[in-house]
Amino acid sequence: MDLLYKQTNLQDTLSDLDRAAIDPYCEGYKTFLDRGKTERLCVRYAIECAEAEGFRPYDPNAPLKPGDKIYADNRGRALTLAVIGEEPLSAGINIAAAHIDSPRLDLKPLPLFEDSELAYLKTHYYGGVRKYQWVAVPLALHGVVVTESGEVVEISIGDNPADPCLTISDLPPHLSKDQNKKTLAEGFTGEGLNALVGGKPLASDEENTKERIKLGVLTLLKDRYNITETDFLSAELMLTPAFPARDVGLDRNFIGGYGQDDRVCAWAALKALLDLDGAPKRTAVVILADKEEIGSEGVSGMQSGAFEHFIGDLCDAQGVKLNHCFANAFCLSMDVCNAFDPNYPEVSEKRNAARMNYGVAVMKYTGSRGKSGTSDASAEVVGRLRQVFGKADVVWQMGELGKVDQGGGGTVAAFMSRRNIDTIDAGVPVQSLHAPFEVAAKADCYMAYKAALAVFRGMA
């Protein structure tokens, strides 16, 4: 008997079958990243993929049988999908829950202003961002505007190479002496994240026309989208990085791109559900949730009642009590963790830090300040997951979010466990977490997919 715990770089142990599957899987994932820059776009693309595999919108009046594939769209910003299992819902369900919102810069309700004959958009950052990372990079504008008449107008500018992009300026090194003396928080402020949107004055016969640059921008928006400045009041617009997902490294071992927290896990969960053959033993459910980066609040967040309503309807159709279903359910809360970074070793405790190329990272607990805000999975839950992963040849490791008193964070796990569902976190280790360009190892991405598939097929 080997008494020592040994970890091995999975590149040394991959089967030929897995090795051949990684690149095709990751190409599909990169498409998901590029098509899903916002939660609305993620939901739209996920539905497109699901319907291509036979999923249909859930109809509470239509009877369901094992193997049926359904989904429920929550206001275009969150999505729940299910494949009905052979066992009744009283036996429980297997859930993979991930979130599809990512840190970004939202526009303020009245964002457009002119200063020194330049037009800008004011922003309010969403989620945990390091503000300096969002300056001097190309940005795209995405979202919807609802006009006074009720028309919903979709905006998408910047991701197409033919489009213009936006950007936020930074100081040159020649003029940053005073800035360099400040902390990062002082040197880059939220109110200073104003995106350059225009500089061409509106042609006018009146020499004294005020805010000609701003009027020029509004004229362009009116011509292209038929919206006015007042329509910003009922808009949901955001700035995201205006570049595609890319292979990283001369050996193409990694994927770099925006929004990998947590779309790397969202794609793994979705793809695993789409790839299920026939009816699973227990009903398999995928949750693609919104608002995780700001506490899972709101009607599209994991704290809303939308999930209960969906599963409750399914239970009612079978004459099963929802609380019995939840008591026997299992949830893999799929969210990323930070990967050990040799450039910044001081923030991690190396023995317990997740590493790239070592598989999907299981986190028994997250939280901070003495595990505050975590569900802290039991030993029995970890043991069940070990058995399921072992049978399915899932390469996995343990991880945590930085040193004690150094790091910490939260996931949707705490909100799932409040529903009396056995829950544990597992996801892909990522470098440059929450930056506009995050990096993950391709083999780890694929192992997250295998992990979700193993739970759907084998958790009982």
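Q: What makes Ile 22 the place where α1 is said to bend?
A: The bend at a residue is the angle between axes fitted to the seven residues ending there and the seven starting there, and for α1 this angle is about 30° at Ile 22, with a proline, Pro 24, following within four residues. This is a predicted model, in which local features need pLDDT of at least 70 and side-chain atom pairs count only at pLDDT 80 or more, whereas totals for chains, interfaces and linings use all residues. Residues are numbered from 1 along each chain as its sequence is written, and side-chain values use heavy atoms, with hydrogens and water left out.

Q: Why does the span of helix α1 agree with its number of residues?
A: Helices are DSSP runs of H or I with at least four residues, and strands are runs of E with at least two, numbered from the N terminus. The expected span is 1.5 Å times one less than the number of residues, so the 20 residues of α1 (16-35) should span 28 Å, and the 30 Å between its end C-alpha atoms agrees with that.

Q: Why is Asn 74 called buried?
A: Buried means under 20% relative accessible area, exposed over 50%, and partly exposed in between (1.4 Å probe, protein chains only); Asn 74 has 12%, and is therefore buried. Asn 74 belongs to strand β2 (residues 69-74) and, with contact meaning heavy atoms within 4.5 Å, touches Val 299, Ser 300, Ser 304 and Ala 306, leaving aside residues up to four places away in sequence.

Q: Which residues touch the most other members of the largest nonpolar core?
A: A nonpolar core is a set of buried Ala, Val, Leu, Ile, Met, Phe, Trp, Tyr and Cys residues joined through side-chain atoms within 4.5 Å, and in the largest one, of 70 residues, Leu 81, Met 334 and Phe 389 touch the most other members. The largest share of this core, 12 residues, is contributed by α11. Apart from it lies another core of 30 residues, including Val 145 and Tyr 225.

Q: What makes β8 and β9 edge strands?
A: Two strands pair if DSSP finds at least two bridges between them, and in the open sheet of six strands, ordered β8-β7-β10-β5-β6-β9 with antiparallel pairing, β8 (152-157) and β9 (195-198) each pair on one side only.
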